[in-house]
Amino acid sequence: MRIVSRRARRRTAALGPVVLATLGLALAGCAGTAGTPDDRLQVVTTTPVLADLARQVAGDRARVTSIVPDRGDPHSYEPSLRDVRDVVYADVAFSNYMLLEEHAIIRTLDANLRPGVPNVSLAESAVKYAAEVIPLVENVNLDTVWLGLRVAGSGAEHGATRASQVEITATRVDGPGQLTAYLTETFGSPRVYVDSQDGVGTSADSVTLPAEAHSHMSWTFSEPGVYRLGLAARLAVTDDADPVDVGSGTFTFVVGVDPHAVAGQAGAAVLDAGHADLTVDLDSGELVVVADEAPGGAAHDHAHDGDPGSGQRTYAADEVVIAVPGKALAPVPAGQGFGFLGRGDEQIYQLPQAVLGKHVHGEIDPHLWLDVRNARAYVEIMRDTLVSADPAGAADYRANAEAYLDVLARTDAYVTERIASIPQSRRYLVTTHDAFAYLGRAYGLTVAGFVTPNPAVEPSLADRRKLAETIDALEVPAVFLEPALAGRSSVLAEVAADAGVQVCPIYSDSFGPDVGSYVELMRFDADSLARCLG
């Protein structure tokens, strides 16, 4: 006979029949493990880094679990039934959010927590504890506009939450040839979202994004001329709610011809560089274009302009044309799966995907903890949340947090000292993952670039030459790879070998063979940077 604690009985009594059925499956798949948690406070986090911070504050008073395992990738991890069990029994939940975690993780958390359980988004809450955030800035080094899709606005009028999703569907394509929009996933396989060759207007020609998300895309055109793409958006507040229309618009692409001479659009702004998004504005009910750089032309600013000083302008769909210049003409990509674009000996006009691999994110860089001072803010939030959830343990939580904040202060000083030992002229960071802006800003590094290798598609000689020239021009002695991405890093590793520079390890989102805690992660990164750059 198994004895179940009073706390566990209260949790079980609060569960609905659907959750209990799911939980039963999870327990059936976990033979040999405890069916329910112990009588301590149950804390669930989304990532190992957050779990380690929470354990330092909770001490022995709480059982802390992470949805993503130690060597897992929070950007791609799919939760298991065991993870659902941990969420169901949780008394407190901590996520990073700001679109760091795979959306399935957030939906698992939000859908299965019991009513009233604290569900804290640390990155957002940390601002109130003096953490500093960094807006995501794209590396504008391509010769054409980087064009993605975005969902902006809260959608509060419709009752939207962070678990809500927006479906963006192509409703019409007019033009002289085939228009496609596709995403090259992490291992090089293309995923097609729009293909006008067989008509558009169905769910097969759609993209689904969470609220406040952003995604990169590749866009191709088979013939020169003017194309017009109609898009419509629908918001699904919950999985079982009827979607509601949240806007539509028609966007103009000018391919291989003069973008300033489009009939009916005299004076329109021309987007031919930088980063822009076709954007669903949930609050205004419109589809607009948000551009990082304000191009020339007579277009006026639209009603929604973003934060002052953000460097962004927003245009109505009919106020802008998107230029696809003649220099965008390129062969159909090599590799399996690209036959939908044509034969390998044919050429297409392409606006390339800015970052290879599935890359959905928000407007703020979510990797706050790579500045130790921001991690201190996370610890203070966890302390106050645990005190509120378990007042009897307030003294323990406060004492644990105080002791750990001292450890973090010493860690911050160590990282500062180690990176300061690198000559200023060598403090350039080239990596495979755009996660290190906070590390760079806090400790005086320049993030010179990041590369997401694509092992299934051989890069062009021009791509390799450009990377080699960057390494040579900056005279970097090393480039840095995350162990979790080592299997996808052949291109950067080969170019580094040709240039005679080291390939050194660095960590950001997860733990690995060299590190098993947040403090170890930060100290390891500082040592690796000092050793390989100094």
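**Close-up views of a predicted model**

**Figure 1. The disulfide between C504 and C532.** C504 and C532 are both buried. The model is predicted, and its sulfur atoms of C504 and C532 lie 2.1 Å apart, forming a disulfide. A disulfide is a covalent bond between the sulfur atoms of two cysteines. The count of disulfides comes to 1. C504 belongs to strand β25, whereas C532 belongs to helix α12 (residues 518-533), so the bond ties together parts that are 28 residues apart in sequence. About the S-S bond of C504 and C532 the torsion is about -100 degrees, so this disulfide is left-handed.

**Figure 2. Strands β24 and β25.** Strand β25 (residues 502-505) runs parallel to β24, and 4 bridges join the two. Across this pairing, L481 stands opposite P505 of β25. Strand β24 (residues 478-481) is covered on both faces. A478 and F480 are buried on one side of β24, and V479 and L481 are buried on the other. C504, the disulfide partner of C532, also lies in β25.

**Figure 3. The open parallel sheet of 4 strands.** The strand order in this sheet is β2-β1-β3-β4, and the pairing is parallel. The edges are formed by β2 (62-66) and β4 (119-121); each has a single partner strand, so one side of each is left without a neighbour in the sheet. From one strand to the next, the twist averages 20 degrees. Strands of a sheet pair through backbone hydrogen bonds, either parallel or antiparallel. Between β1 and β2 the parallel pairing extends over 5 bridges, with V43 opposite V64 of β2. Of the 5 residues of β2, 4 are buried, so this strand is largely enclosed by the rest of the structure.

**Figure 4. Strands β1 and β3 with helix α7.** Strand β1 (residues 41-45) pairs with strand β3 (residues 92-95) in the parallel sense, over 3 bridges. T45 has F94 of β3 as its bridge partner. Helix α7 (residues 372-389) lies across β1, β3 and β4. Relative to β3, helix α7 runs at about 165 degrees.

**Figure 5. The crossing of helices α3 and α8.** The axes of α3 (residues 48-58) and α8 (residues 394-420) come within 7 Å of each other and cross at roughly 125 degrees. This makes α3 oblique to α8. On the α3 side, the contact is made by D52, L53, Q56, V57 and A58. Helix α8 contributes Y397, N400, A401 and Y404. Sorted by class, the residues in the contact of α3 with α8 are 6 nonpolar, 2 polar and 1 charged.

**Figure 6. The open antiparallel sheet of 5 strands.** The strands are ordered β8-β7-β11-β20-β19 and pair in the antiparallel sense. Strands β8 (190-195) and β19 (329-331) stand at the edges with a single partner strand each, so one side of each is left without a neighbour in the sheet. On average, neighbouring strands of this sheet are turned by 40 degrees against each other, direction ignored. Within the sheet, strand β7 (residues 179-184) runs antiparallel to strand β11 (residues 218-221), and 4 bridges join them. The bridge partner of T180 is T220 in β11.

**Figure 7. The surroundings of S206.** S206 lies in strand β9 (residues 206-210). Its relative accessibility is 11%, so S206 counts as buried, the limit being under 20%. Leaving aside residues up to four places away in sequence, S206 touches E167, I168, T169 and Y193.

**Figure 8. The protein chain as a whole.** The protein chain has 12 helices and 25 strands. Of its 534 residues, 53% are buried. Among contacts in the protein chain with a separation of 6 or more, 74% are between residues 24 or more positions apart.

Technical notes. Residues are numbered from 1 along each chain as its sequence is written. This is a predicted model: local features need pLDDT of at least 70, side-chain atom pairs count only at pLDDT 80 or more; totals for chains, interfaces and linings use all residues. Side-chain values use heavy atoms; hydrogens and water are left out. Two strands pair if DSSP finds at least two bridges between them. Axes are lines fitted to C-alpha atoms, for helices over the stretch in contact, and angles run from 0 to 180 degrees between N-to-C directions. Buried means under 20% relative accessible area, exposed over 50%, partly exposed in between (1.4 Å probe, protein chains only). Contact means heavy atoms within 4.5 Å. A disulfide is a pair of cysteine sulfur atoms within 2.5 Å. Angles under 35 degrees count as roughly parallel, over 145 as roughly antiparallel, 65 to 115 as roughly perpendicular and the rest as oblique. Ala, Val, Leu, Ile, Met, Phe, Trp, Tyr, Cys and Pro count as nonpolar, Asp, Glu, Lys and Arg as charged, and the others, Gly among them, as polar.
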